[in-house]
Amino acid sequence: MSQPSITDRLGDPETAREEGRRKMDWAMQHMPILQSLSGEFASEEPLDGEVVGMAMHVEAKTANLVELLAEGGAEVAITGCNPLSTHDDVSAALDAHPRITSYAERGVDDEQYYADIEAVIGHEPTITVDDGMDMVAAIHESFPELIDTIVGGCEETTTGVHRLRAMDADGELKYPVFAVNDTPMKTLFDNVHGTGESALATIAMTTNLSWASKTVVVAGYGYCGKGVAKKAAGQNANVVVTEVEPRRALEAHMEGYDVMPMADAAEVGDVFITTTGNRDVITREHFEVMQDGVLLANAGHFDVEVNLDHLSDMAVDQYEARDGVDAYELKDGRRLNVLAEGRLVNLAAPIALGHPVEVMDQSFGVQAVCVRELVEHGEEYGAGVHDVPDDLDREVAEIKLAAEGVEYDSLTDEQAEYMDSWDHGT
Ligand code: RBV
């Protein structure tokens, strides 16, 4: 189970550490919530004695969360939650901290990916912080003896919360986990604006192509799909939405987007962006009718939305058309271009930076207060998925508003009483 840390794997760790630190410093300048919590964490050390095991996208913003938890007194071990999203220099900078061990490395194969998760678990975490639930799954499957000493966990993303709820429904989730993803401070910003902006920016930078006049097919109209659709429309694309849920399909229709089945969208799209969290959204039957030159990108957590096995089967040739773009050439000469190997494009493409700093400050602010809550009141939560207490989410919103210099109203006593009563009418 013992794995070499990132520092041992890198050729020139000193230069890498400096560059990683520079990226972290830049991000931190734009993370007022983490800055504010860092004062409190450093002086009060609320996490003293805890071991936090993390599997997240290891880049500069995440690194600032990791350091905040270490400043708060915890020992932290971290690895990636996607084989392509790690920034090795940042991973090295983190690993240099006396209370942090980072195993994350970009480009690991499946075997190394899971070995690194086991290495983190080897630190015997008392708290887990996951993006996608891989760590919770590995602990339950292979290290159940640790569950007794685990206070609880936090989950960052929609797919992870979905998996956890399924596990909970089966009675298989044996410790409490906060659905950080589901808080207003996370979903309404990170999922909508973060995914929307970073997916589109990454696709544009990776291909050097324009959005204007393109037909952009957005698969899934959840929070992420809404963000992608809105920002694509804002860049003068024609947006088509595909959905399986009738109310969401109607919502997209009323927003003014064309809504149609993927079988029809496949014929008209120039760019396809999947945000469903489900598998096999784009498959053989769709590839068969697509135009030459289309772009296929995934913005969902796992690389299962575009069926690359089908595409490989159909292709007579496959080559790297640009960094981060694999062209699959079909028998009839059409080229279908897959970005970032079908992995979440805004983090896994070679130039990807993940979501913008400001939204991750919010998401990670919620993560930090949730970890603190587990340390302070973990015993009050039973095994299963828990909504984050609303006052914690509000705390993070208030810090952000204060940092932005935004003032807002509060209810008068009379208004509060009115809102709480039921016996008023005309
Ligand atoms: N995400 N992290 C980043 N660290 O740059 N960008 C996006 C980053 C998270 C986001 O919160 C989303 O829920 C998750 O990645 C999907 O894996």
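**Domain interface and aromatic pairs**

Between domain 1 and domain 2, five residue pairs are in polar contact, with both residues of each pair at pLDDT 80 or more; a polar contact is a pair of N or O atoms within 3.5 Å, where, within protein, one must be able to donate a hydrogen and the other to accept it, and residues adjacent in sequence count only if both atoms are side-chain atoms. On the side of domain 1 that touches domain 2, five residues are nonpolar, seven polar and four charged, with Asp, Glu, Lys and Arg taken as charged, Ala, Val, Leu, Ile, Met, Phe, Trp, Tyr, Cys and Pro as nonpolar, and the others, Gly among them, as polar. The model is a predicted one, in which local features need pLDDT of at least 70 and side-chain atom pairs count only at pLDDT 80 or more, whereas totals for chains, interfaces and linings use all residues. Residues are numbered from 1 along each chain as its sequence is written, and side-chain values use heavy atoms, with hydrogens and water left out.

The domain assignment, which is automatic or from a database, places residues 6-186 and 355-404 in domain 1 and residues 192-348 in domain 2. In contact (heavy atoms within 4.5 Å) are 16 residues of domain 1 and 15 residues of domain 2.

Three aromatic pairs are counted among rings of Phe, Tyr and Trp (its six-membered ring) whose centres lie within 6.5 Å, planes under 30 degrees apart being stacked, over 60 edge-to-face and the rest tilted. One of them is the edge-to-face pair of Tyr-113 and Tyr-114, at 5.0 Å centre to centre and 90° between the planes. Phe-178 and Tyr-381 also form an edge-to-face pair, with 5.0 Å between centres and 80° between the planes.
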